Amino acid sequence: MNIWQPEPGETLLGRAPIAFATGAAMRVRGMRWFRDTERNDIQSELPGWPEGPVYTTRSTGDAVARNTVKGAAMALGVAVMAALSSAGGNVSGSSGPDSGKDTPDDRENEVEDFPVMWAAPGTLARTLPWQLDPARSDERRYRTHAIVTDRRLVIVGLPYHKKDDSLIEDEVLWETPRSSISRFEHRDYKDGNDAKIVFSDASWCRLSSIRRQRVTRYLVHPLDLVPLDDLTPVQRGAIENFVATAHAPDLGTPVVTRRSAGYFRVEVPVPSELSSFFGSGTRSLVMDTDGVEVPHKDIRPEDL
C-alpha cells in the first residue's frame, strides 16, 4: 500500500472522503456548475479537465411539479413512520452538527444556481483536480480524500475496492498551504455535508463529505495545537488513561487542540481503520482543564 504521510515535524489532523458538492434544491438537484465571477460556465477552460456534462436548471414549473411528487412521497413516509412508532418500533433518527437544514444560507447559489467553483482567471480554485467531480470520476472505482495537517490541505486520489476498502494507494492530486485559505465555512442546506472553502484570492469552491467534521473541525476555527509536554500531569494522565482503555487494535500519537470554550479535544488516530470509503479512523475525547471528560450535553458543535 502507498499511504500518504506528513513530513517530519508536520502534524496530521484529519482525513475524510471529499468531492464537489451536488445541488439538492429541485431547480438544481443532481447538478453542479463551475463559474467565473460573471457567472459564466468555465469548465471548458480548466486545464487538463476531460469533457463533462452540461447542465440546465429546471424551470419553475418543472421544479414545482417535482416538489409536489416529493411532498406526496414524504407525506406517505410520515404516515408509515407514525404507524411504526405507534406499534412500538424505534424509528427515531439521529441528529448532530452535520444533520442539515431546510433553509438555504445562500439562495442564489443553492436554489437558483449551484456553483461548486467560483473563480476568476488565474485564481487558486481553478487548479483543483477534475477527479473531485462525481460526473467525471466514477465513485464506484475511485475516490478522493481531503487530508488536513497543521501546514496544508492535500487532495489525494485512490482506487476504491468495494470488497476491501482497506486497500490504500494514494496519489497526490493537489495541495495548498493553510495560509492560502481565507476561511472554511459549513454549508448545511439539506444534508449538512457541504463546506465552502474561500481562498485568499477570493476564489472559492463547494465540497461535500460524508465525514465533514473530520476535516472542518481543524479548518473552520483557528487551530490551537497543544503539545503533550505543555499539558499538566493531571491532563496527561487523563489522556494516558483514555488511550489505555480505548477499544482499538492500534493507536497513534494523540493530537490535542484547545477549543474556544477552554476545553481540550484529544484525537487519537487508529491507523488500521483507515478506509478508502470513510477515511481515517480515530478515538476522541473532550476534556476540561482538570482532565475530566466533558458531558456530551455540554459540548458545543465547535468543540467537536
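Which side chain meets that of Arg141 in a salt bridge? In this predicted model, the partner is Asp138, and the N to O distance of the pair is 2.5 Å. Arg141 is exposed, with a relative accessible area of 55%, whereas Asp138 is partly exposed at 28%.

**Salt bridges**

| Pair | Distance (N to O) |
|---|---|
| Asp105 and Lys101 | 2.6 Å |
| Arg141 and Asp138 | 2.5 Å |
| Asp194 and Arg206 | 2.9 Å |

In the pair of Asp105 and Lys101, Asp105 is partly exposed with a relative accessible area of 40%, and Lys101 is also partly exposed, at 33%. The side chains of Asp194 and Arg206 likewise meet in a salt bridge, which links distant parts of the chain, since Asp194 lies in strand 9 and Arg206 in strand 10, 12 residues apart. Both Asp194 and Arg206 are buried.

In soluble globular proteins, nonpolar side chains tend to be buried together. The largest nonpolar core in this model has 38 residues, of which Phe20, Phe34, Met117, Leu153 and Ile197 touch the most other members. Among the elements that give two or more residues to this core are strand 1 (12-17), strand 5 (142-149) and strand 10 (204-208), while the largest share, 3 residues, comes from strand 9. There is also a second, separate core of 11 residues, which includes Val226, Ile239, Val256 and Met287.

Definitions and conventions. Residues numbered from 1 in each chain as written. Predicted model: local features only at pLDDT ≥ 70, side-chain atom pairs only at ≥ 80, totals over all residues. Heavy atoms only, no water. Core = buried A, V, L, I, M, F, W, Y, C linked by side-chain atoms within 4.5 Å. Buried < 20%, exposed > 50% of the residue type's maximum accessible area, 1.4 Å probe, protein only. Helix = DSSP H or I, 4+ residues; strand = E, 2+ residues; numbered from the N terminus. Salt bridge = Lys/Arg side-chain N within 4 Å of Asp/Glu carboxyl O.
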